Amino acid sequence: MVRKGVVGKRKLAREDWADAALDALCEGGVAAIAVEPLAAKLGTTKGSFYWHFANRDALVEAAVRRWAEQDTESLITLLDGISDPERRLRELFELVFGAKDDELAELALLAHAGDPVIGPLLAEVTARRVEFIVRCFREMGCPEDEARHRGLLAYTAFLGLIQAQRASGGALLPMADRPGYLAFLRGIITR
C-alpha cells in the first residue's frame with residue numbers, strides 16, 4: 001500500500017501519509033499510527049506531516065477515508081456500471097468473497113470500531129455498503145423489507161467469513177473451496 005517517498009526526489013502527498021498510516025494500522029493497530037515512525041518509514045521529517053495534517057486524528061481520519069475510497073467507493077462506482085442488478089451482485093460476490101484472501105484493513109478497522117475517529121467513519125462505510133447491496137435487491141424486484149434482510153445477510157456473511165478466517169488462520173475456508181462456498185452462499189441469498 002505504501003508508496004515509498006524519498007525526500008528530494010518526490011514531494012510526499014497527503015495520500016502517501018494516509019497509505020502509510022493505513023499500513024501501520026494493519027500491522028499494529030491504531031496505536032501504531034505515530035508520526036515519527038511513519039516519517040522514518042516514508043524517509044521524511046515530521047515537518048512533512050504537519051504540512052498535510054493538523055494532528056494525528058486528522059491523519060487517522062485520512063487513512064480511514066482512503067480505505068473507504070479504495071475498498072468501497074471505487075468498487076461501487078465500478079459495479080454501478082453494470083445495469084443488470086443480479087449480475088452486479090454476482091460480480092460483487094466474486095470480488096469480495098472469491099478473490100480476496102486477506103482483509104487486514106477491514107479487520108483492523110473493525111477491531112477499533114470504538115475509536116472516536118474510526119468508529120463514525122466505519123459506521124458510514126457500513127451503511128453505504130449495505131445500502132448498495134439493498135438497492136441491488138430492490139432493483140431485482142424484492143420488497144423493501146426482504147431487500148433489507150438479504151442485504152444484511154450478504155454483508156454479515158462477508159464480515160463473518162473474514163473474522164472466522166482470521167480466527168482459524170485461514171484454514172476454515174481454503175481458497176480452493178471458495179468458489180463452491182460462493183456459489184452456495186449466492187444461491188441462498190439471491191433465491
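Through shared partners, salt bridges join Asp80, Arg88, Arg135 and Glu139 into one network.

## What kind of model this is

This is a predicted model, where local features need pLDDT of at least 70, side-chain atom pairs count only at pLDDT 80 or more, and totals for chains, interfaces and linings use all residues. Residues are numbered from 1 along each chain as its sequence is written, and side-chain values use heavy atoms, with hydrogens and water left out.

The average pLDDT (the predictor's confidence in each residue, from 0 to 100) is 91, and 92% of the residues score at least 70. Helix α7 (residues 118–139) has the highest confidence at 97, while α9 has the lowest, at a mean of 89. Helices here are DSSP runs (H or I, at least four residues), and strands (E) need at least two; they are numbered from the N terminus. Over residues 1–8, pLDDT stays under 50, and the model has 21 contacts for them beyond four places in sequence (a contact means heavy atoms within 4.5 Å).

The whole structure holds 14 salt bridges. One of them pairs lysine 41 with glutamate 27, at 3.6 Å from N to O. Lysine 41 sits in helix α2 (residues 35–42) and glutamate 27 in helix α1, so this pair ties together parts 14 residues apart in sequence. Lysine 41 is partly exposed at 31%, whereas glutamate 27 is exposed at 62%.

Glutamate 106 and arginine 129 make another, with the closest N and O atoms 2.7 Å apart. That one links distant parts of the chain: glutamate 106 is in helix α6 (residues 104–111) and arginine 129 in helix α7, 23 residues apart. Glutamate 106 is buried at 2% relative accessibility, and arginine 129 is buried at 11%.

## Aromatic pairs

There are 6 aromatic pairs (rings of Phe, Tyr and Trp, taking the six-membered ring of Trp, with centres within 6.5 Å; planes under 30 degrees apart are stacked, over 60 edge-to-face, the rest tilted). Tryptophan 17 and phenylalanine 49 have ring centres 5.5 Å apart and planes at 65 degrees, so the pair is edge-to-face. Since tryptophan 17 is in helix α1 (residues 14–28) and phenylalanine 49 in helix α3 (residues 46–52), the pair ties together parts 32 residues apart in sequence.

Phenylalanine 49 also stacks with phenylalanine 53, at 5.5 Å centre to centre and 25 degrees between planes. Phenylalanine 49 is buried at 0% relative accessible area, and phenylalanine 53 is buried at 3%. Ring pairs link Trp17, Phe49, Tyr50 and Phe53 into a cluster.

Definitions and conventions: Buried < 20%, exposed > 50% of the residue type's maximum accessible area, 1.4 Å probe, protein only. Salt bridge = Lys/Arg side-chain N within 4 Å of Asp/Glu carboxyl O.
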